[in-house]
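Here is a friendly note to read alongside the model. Please keep the sequence and the 3D view open as you go through the points.

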Amino acid sequence: VDQIKQVVSAEIFSKYGDFLARQVASANGTLMVQCPSPDCMQLEISTAVTVATCPACNAVFCPYCGRSPHAGLVCPEEGAHDGEDLVEGLAAAQRWQGCPRCRA
């Protein structure tokens with residue numbers, strides 16, 4: 001990580017840190033979401049949560065789109081940030097085929 005920090009800008013390094021946090025959260029069955037309040041914090045929440053409450057400012061919001069909760073409806077953004085879904089969508093769009101031997 002120190003080597004990366006030495007060769008990229010502060011902005012890129014910050015984005016890299018956010019990416020790593022999202023990867024760890026995804027592996028744990030959680031999401032990293034930014035509180036929609038200005039200058040607030042990031043939260044790690046369960047993927048089963050449909051309404052998030054920020055412990056710092058008590059803002060209540062949808063963890064998928066950052067807007068007001070959707071009152072029992074499914075957020076159109078839910079699942080949009082799932083890396084596996086993105087790869088599957090790209091594979092379908094590019095007409096990639098799986099390996100017949102290992103099924104990868």
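1. Let us begin with Asn 58, which sits in the loop between β3 (52-53) and β4 (60-61). Helices (H or I, at least four residues) and strands (E, at least two) are DSSP runs, numbered from the N terminus. Asn 58 is not a glycine, yet its phi is positive, at about 65°. Its relative accessibility is 56%, so Asn 58 counts as exposed. The classes used here are buried (under 20% relative accessible area), exposed (over 50%) and partly exposed (in between), with a 1.4 Å probe and protein chains only.

2. A word on the origin of the model and the numbering. This is a predicted model, in which local features need pLDDT of at least 70 and side-chain atom pairs count only at pLDDT 80 or more, while totals for chains, interfaces and linings use all residues. Residues are numbered from 1 along each chain as its sequence is written, and side-chain values use heavy atoms, with hydrogens and water left out.

3. How confident is the predictor? The pLDDT, which is the predictor's confidence in each residue from 0 to 100, averages 77 over the chain, and 72% of the residues score at least 70. Confidence in the chain is highest in β4, at 93, and lowest in α3, at a mean of 58.

4. For the overall layout, count 3 helices and 4 strands. Along the sequence they follow the pattern α-α-β-β-β-β-α. The chain has 104 residues, of which 14% count as buried. It exposes about 7900 Å², with carbon and sulfur atoms supplying 54% of that; the areas come from the Shrake-Rupley method with a 1.4 Å probe, and for residues only the protein chains shown count as cover.

5. Asp 39 also has a positive phi, near 55°, in a residue other than glycine. You will find Asp 39 in the loop between β1 (30-34) and β2 (42-46). Asp 39 is exposed because its relative accessible area is 84%.

6. Which residues make up the largest nonpolar core? There are 8 in all: Val 33, Cys 35, Leu 43, Ile 45, Ala 52, Cys 54, Ala 59 and Phe 61. Such a core is a set of buried Ala, Val, Leu, Ile, Met, Phe, Trp, Tyr and Cys residues joined through side-chain atoms within 4.5 Å. In soluble globular proteins, nonpolar side chains tend to be buried together.

7. Take a closer look at Cys 35. Leaving aside residues up to four places away in sequence, Cys 35 touches Cys 40, Met 41, Cys 54, Cys 57, Ala 59 and Phe 61. Contact here means heavy atoms within 4.5 Å. Among contacts in the chain between residues at least 6 apart in sequence, 10% join residues at least 24 apart.

8. How many disulfides are there? Taking a disulfide as a pair of cysteine sulfur atoms within 2.5 Å, the count comes to 0. Cys 40 is in no disulfide, and its nearest cysteine sulfur, that of Cys 54, is 3.6 Å away. Cys 62 is in no disulfide either; the nearest cysteine sulfur belongs to Cys 75, 3.7 Å away. Cys 40 is partly exposed at 23% relative accessibility, whereas Cys 62 is buried at 1%.

9. Ser 68, in the loop between β4 and α3 (83-93), is 32 residues from Pro 36 in sequence and 9.7 Å from it in space, C-alpha to C-alpha. Phe 19 lies in helix α2 (residues 10-27) and is partly exposed, with a relative accessible area of 38%. Phe 19 and Met 32 are 13 residues apart in sequence, with 9.5 Å between their C-alpha atoms.
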